[in-house]
Structures are given as structure tokens and as C-alpha cells.
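Student: Could we go through this protein together, setting each value against the definition behind it?

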Amino acid sequence: MSIEAQNTKTALILIDIQNDYFPKGKNELVGSEQASLNAKKVLDKFRKDKSLVIHIQHLSTRKDATFFILNTNGAEIHKNVAPLKDEKVIIKHFPNSFRETELLTYLEEHKINKLIIAGMMTHMCVDATVRAAKDLGYTIEVIGDACATKDLSYNNKKTVASEVQNSFLSALSYFYASVISTNDFLQNN
């Protein structure tokens, strides 16, 4: 084992895998169910290895918010990746999981220097968190097939979810993170 590998402490961060992103939720994403099942496989590996797991839960505070409303079923973390009692849950109110939360302090307390990230939405909170984490000096792997997004539009042109997903993961893999599949992660760890 290399010195670098011996000095690496890794945490799993699952971002906003919450009921409102699933069928019958207030903001359903394309592929949310499959992404959550892939995230569960990674989560199970972290649990088996007794490695650090952090769940990020978004609660909307905007007056005009339409999903992730406090005290609603939609805001709850989905059953596929529901936190265990000893797993950290960090509440956030912005796309960037570091903004006005205890995430950075918690990672520093546990001497974490590598992050494995999965979650929702790829184009919003996953993107914002990965970019912030890189700026803070973390090494990052994004589990691409454990993330989900939705169709978007700009200038009266629709971009389907698969293209949004590919575009954002491609952009992140250019500099900010290694983007890998669930199977690649499980085979190499």
C-alpha cells in the first residue's frame, strides 16, 4: 500500500436523496429510483467497512418553495438510503452542501481528505457541492449512475435528462472529480 493510500481517509456523502425526487413526489427526477439503488450499494459498502457516511437533507426555507417543505413526507430521506441512528444527517438550505452548514467542520474533525459523492440533482446540488469541495482541497469521486437529474430548458430549447446528466458529469470530470460507475467503485474498493 502506498503512503498516499495509507493517509487517505474517505467519507461518503449522499446528497438530497429525498422522497420529493421520486415518483409521486413534488419534483420527480428521471431515474431517481435506479440512482438510489446504486447509491444504496455504495452505502452498504461503507457500512460494511464501518467508514464515515454523511447524509445531506435539503429543507426549503423560501416562501415560494414547492418541494422539500419542512415536516412533509417529500422532505424525508428516501427509504432506499435511510440513515442509521449513528449516521450523520446535515440539514442544508442551499445547493452547496457546505454553505451555512457544519459539513466542513465535521469532515475536518474526522480528518477526511477524500469524498465519494452521490445524490440529486446532478445539475444543482451535486454540481455545487463537488465544485465547492474541490475548491476546499478534497479529492472527489462522483458515482455518476448514483445521481439523477431532470429535463431542463433554456431559450425555449429542451435538454433531456440524459443529456443534462452527461453534460454535468462530463464538466465535473474535466477537473473537479473522477466520475465513475457504481460497479467500478465496488470493484476497486
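Tutor: The accessible surface of the protein comes to about 10,300 Å² (Shrake-Rupley method, 1.4 Å probe), and 49% of it belongs to carbon and sulfur atoms. This is a predicted model, in which local features need pLDDT of at least 70, side-chain atom pairs count only at pLDDT 80 or more, and totals for chains, interfaces and linings use all residues. Residues are numbered from 1 along each chain as its sequence is written, and side-chain values use heavy atoms, with hydrogens and water left out.

Student: Why is strand β1 called largely enclosed?

Tutor: A residue counts as buried when its relative accessible area is under 20% (1.4 Å probe, protein chains only). Five of the six residues of β1, residues 10–15, are buried, so the strand is largely enclosed by the rest of the structure.

Student: How do you know that β1 pairs with β4?

Tutor: Two strands pair if DSSP finds at least two bridges between them, and β1 and β4 (residues 114–120) share six, in the parallel sense. One of the bridges has Ala118 as the partner of Leu14.

Student: Which strand does β1 join through five bridges?

Tutor: That is β2 (residues 52–58), which runs parallel to β1, and there Ile56 is the bridge partner of Ile15.

Technical notes: Buried means under 20% relative accessible area, exposed over 50%, partly exposed in between (1.4 Å probe, protein chains only). Helices (H or I, at least four residues) and strands (E, at least two) are DSSP runs, numbered from the N terminus.
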